[in-house]
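User: Can you walk me through this model? I'd like the fold, then the voids.

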Amino acid sequence: MKCFEYGNKNAPIVLLQPVDDHDLDTVENEIAIIRDNTAEDFRMAAFKVGDWNKDLSPWKAPAVFGRDDFGDGAAETLDEIMHFCGDRSKTYFIGGYSLAGLFVLWAACQTDLFQGAAAASPSMWFPGFTEYMKEHRIGSRHVYLSLGDKEEKARNPVMATVGSRIRTAYDLLREQEVDCVLEWNRGNHFKDADLRMAKAFSWVMKRKVP
């Protein structure tokens, strides 16, 4: 994966985000919104994902839309991101949108390196993931969840489960005494992704433990 870096390389806070081409087009706006919402100095590392459905999926699953099945490349992707996080004196927050948001939650179940996990409109409909969360405790101290208020009204019956599944995940995290919030945004899945990600990162950054 190619890594695009923004901001102060010496900043004590590092934001990590798997992205696609569309995310890269709007990442500077996302960063500007974060700066407006927080007083923290930070560095952003945006990891360009080559095969979205493969590289961000924790296990194989059949296609839900289109023809592309989901792969099992999440472990390799996480290894690359973890390799970037060699300086353990820094505070790391990981965030992502859509399937990258699901990856973020899965990644936070693998390690306690990330102080916060910011999952904006995560693909909680992914087969078996809610059950996985019930069996694997998240290592992050702070978890942000959000969804568009029209997303659970999708015509696709699998994707329409996203609302009930994200509510289940939120309740589960609260039961585990994880500092967590579930925010509802206006619109469908494709509305204001950069703004939603900025809100997600801003929330976890403000919960930072000194």
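Predicted model: local features only at pLDDT ≥ 70, side-chain atom pairs only at ≥ 80, totals over all residues.

User: What's the strand order in the open sheet?

Analyst: The order is β1-β3-β2-β4-β5-β6-β7, seven strands with mixed pairing. The edges are β1 (2–7) and β7 (179–185), each pairing on one side only. The twist averages 15° from one strand to the next. Strands are DSSP runs of E, at least two residues; helices are runs of H or I, at least four; both are numbered from the N terminus. Two strands pair if DSSP finds at least two bridges between them.

User: How many bridges join β2 to β3?

Analyst: Seven, between residues 13–19 and residues 42–48, and the two strands run parallel. Ile13 has Phe42 as its bridge partner. For Gln17, the partner in β3 is Ala46.

User: On to helices. Which strands does α7 lie across?

Analyst: Helix α7 lies across β2, β3, β4 (91–97), β5 (114–120), β6 (142–148) and β7, at about 155° to β4. Helix α1 (residues 21–37) lies across β1, β2 and β3, at about 165° to β3. Axes are lines fitted to C-alpha atoms, for helices over the stretch in contact, and angles run from 0 to 180 degrees between N-to-C directions. Contact means heavy atoms within 4.5 Å.

User: What span should α7 have?

Analyst: Its 14 residues (193–206) should span 20 Å at 1.5 Å a residue, and the end C-alpha atoms are 20 Å apart, which agrees. The expected span is 1.5 Å times one less than the number of residues. Eleven of the 14 are buried, so α7 is largely enclosed by the rest of the structure. Among them are Arg196, Phe201 and Trp203.

User: New topic. Is Leu99 buried or exposed?

Analyst: Buried, with a relative accessible area of 3%. Leu99 is found in helix α4 (residues 99–108). Beyond neighbours within four places in sequence, Leu99 contacts Trp52, Asn53, Leu56, Ser57, Phe70, Ser123 and Phe126. Leu99 and Leu56 are 43 residues apart in sequence but 6.6 Å apart in space, C-alpha to C-alpha.

User: Now voids. What volume does the largest pocket have?

Analyst: About 580 Å³. Of its 28 lining residues, the closest to the centre are Tyr97, Ser98, Met159, His189 and Phe190. On a 1 Å grid over the protein atoms alone, a pocket is an open set of points with protein on both sides within 12 Å along at least five of seven lines; a cavity is a set where a 1.4 Å probe fits but cannot get out; lining residues have an atom within 4 Å of a point.

User: Which element gives the largest share of that lining?

Analyst: Helix α1, with three residues.

User: And which residues line the largest cavity?

Analyst: Gln17, Asp23, Thr26, Glu30, Tyr97, Ala193, Asp194 and Met197. The volume of the largest cavity is about 40 Å³. A volume is the space filled by probe spheres set on the grid points, which are joined across faces, edges and corners.

How values were computed. Residues numbered from 1 in each chain as written. Heavy atoms only, no water. Buried < 20%, exposed > 50% of the residue type's maximum accessible area, 1.4 Å probe, protein only.
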